[in-house]
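Hi there,

Here is the structure I promised to pass on to you. Have a look at it first, and then read my notes below.

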Amino acid sequence: MKLSFESRRQSISKMQEQILDLLIIGGGITGAGVALQAAASGLQTGLIEMQDFAEGTSSRSTKLVHGGLRYLKQFDVEVVSDTVSERAVVQQIAPHIPKADPMLLPVYDEPGATFSQFRLKVAMDLYDLLAGVNNTPLANKMLTKAEVLEREPDLSPEGLVAGGVYLDYRNNDARLVIENIKRASQDGAFIASRVKAVGLLFDDEGQVIGVEAKDLLNDTTFEIKARVVINTTGPWSDTIRQLDDQHQTAIMRPTKGVHLVVDESVIKVSQPTYFDSGEGDGRMIFVLPRENKTYFGTTDTDYNGDLAHPRVTQEDVDYLLRIVNRRYPKANVTLSDIESSWAGLRPLISGNAASDYNGGNSGKVSDESFNHLIDTVKAYLDGEANRAAVESAVGSLEGSVSEKTLDPSAVSRGSSLELDPNGLLTLAGGKITDYRKMAEGALLKILDILSEQHQLHFRMINSKTYPVSGGEFNPANVDEELETLAELGVRRGLSREDARYLANLYGSNVPKVFNLTNKYPFGHKLSLKDWISLQYSMEEELALTPVDYLLRRTNYILFMREQVDQMVDPVLQTMREYYDWDEATTQKYHDELIATLNENDLKHLK
């Protein structure tokens, strides 16, 4: 089934007509991953999301499928091992989304530095061993100070002693969510955005048997009943749990991360770069090239404000500009240079301080354990010890490290799968890279409940090989496959650049997009590329507003901001005609778009 406005209407209707096997509250990456696996495994699955898909957190990351090299500072090998193995899985099931983009890590001799030259080399070698890329062209490389500056001549040479390059991957976070959602819909899941869970339904024994839901498009309420209800709402996890007036104990500790975008002429970087803040706060900062822009972040601060609207503050901007201007002294970036921005919340679990990039407690490894590990790794690299010896040395590390002592309910590092006394499941925390593994762990629990309590039995799919929508091509031959797909667009009248852009955006679904060229009204104020992309986003990706399309189905607002102003009216009018909006609705979505652009542009600070 196409994921469309009509399928949304049908899904809402069908969810009221039957008892679902599984109802998922939350349409970010966690809920999307559960929906895909559940629907593909044959469960009658429903998913509701109170905003647009990925709107809350999953479109606001640093946009990497990263390997977590920084955890090796504390030799938290388990975290890195989990992460790089899952990253490889994401490459297999969504080959059009992650793209290899080696990361440069310059080493500065300064107080509080994360890595010394020696520690970085040891960490990168361990990292490559875990990722299975040692002795390949993707293996890490140590660089001298001169070689670092040759790659990035605008980096500050002051205190720079060396650097390293290691494998990492860029990501399109919102696209990863929507491709999971589309696959779930294709496999029979009932999917509806702009539907909010406003209450929980209970049986006579006080067990959750569904939700009271509100359709935010028409302000109507209805009930959805399900044998299992899972809460995958990220920062809102406690909000949903506390719909039960038994006042469940809070488990979340959200933190805010901010990213800023400038034109590449302001800061030009040849490759992604990752360095210590230099502030003595233990944070590291990314500076990343993307679509002729450069973006940088992230902050990592506790957050207690409006979960739906985290804002970039003057303090956030001052912090990031101070760091970036220290590392790139010729850039002199100012507030007026910032073209776009975003603030997102990380749904961290209370008591587990490790976040995607900047977390981890200050646990220390004893000198004896540290030296033993270093000696063992040296022996391994010299061919004098095997991998088992390295693993043994890692396992015998003494002291506390970042994510070694997690709640046993975790299904991946930094995540939590909790079953409340009322029967509500909550899957929270984790990292975007781990989403499939988290979903797999949750589905195992769901299947146990369905078997034990309802005598319903299902066989799980192998989610390590089950592709998301758009991912149905050979992951070992991505560039050639996408080029072949792009050629189809060229034959339909698109420029090669535009055809490649669409092929990379939609993967194996792009022929459906190209087929829409037959309907293109020549003389339209949108280009052929943008018109067919917008049509597809409405017909098959449930883009209901201009912001959905310009911010989350594409990256126009973030990385092509200079093109957006001329697109506002034609996008709005095209959507008005497609959805048959009246004047008041059209004005509402126009105002929403302008407000989003003002927030993105930091108008409140400028």
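**Aromatic pairs and a helix**

The count comes to 13 aromatic pairs, where rings of Phe, Tyr and Trp (its six-membered ring) pair if their centres lie within 6.5 Å; planes under 30 degrees apart are stacked, over 60 edge-to-face and the rest tilted. One of them joins tyrosine 506 and tyrosine 536, edge-to-face, with 5.0 Å from centre to centre and 70 degrees between the planes. This pair links distant parts of the chain, 30 residues apart: tyrosine 506 is in helix H13 and tyrosine 536 in helix H15. (Helices are DSSP runs of H or I with at least four residues, numbered from the N terminus.)

Tyrosine 506 has 0% relative accessibility, so it counts as buried (under 20% relative accessible area, with a 1.4 Å probe and protein chains only). Tyrosine 536 is buried too, at 1%.

Tyrosine 520 and tryptophan 531 also pair edge-to-face, because their ring centres are 5.7 Å apart and their planes at 65 degrees. Both of these residues are buried.

Now for helix H6, residues 173-186: its 14 residues should span 20 Å, and its end C-alpha atoms are 20 Å apart, which agrees. (The expected span is 1.5 Å times one less than the number of residues.) In H6, 13 of the 14 residues are buried.

A note on the source: this is a predicted model, where local features need pLDDT of at least 70 and side-chain atom pairs 80 or more, while totals for chains, interfaces and linings use all residues. Residues are numbered from 1 along each chain as its sequence is written, and side-chain values use heavy atoms, leaving out hydrogens and water.

Enjoy exploring!

Technical notes:
Helices (H or I, at least four residues) and strands (E, at least two) are DSSP runs, numbered from the N terminus. Buried means under 20% relative accessible area, exposed over 50%, partly exposed in between (1.4 Å probe, protein chains only).
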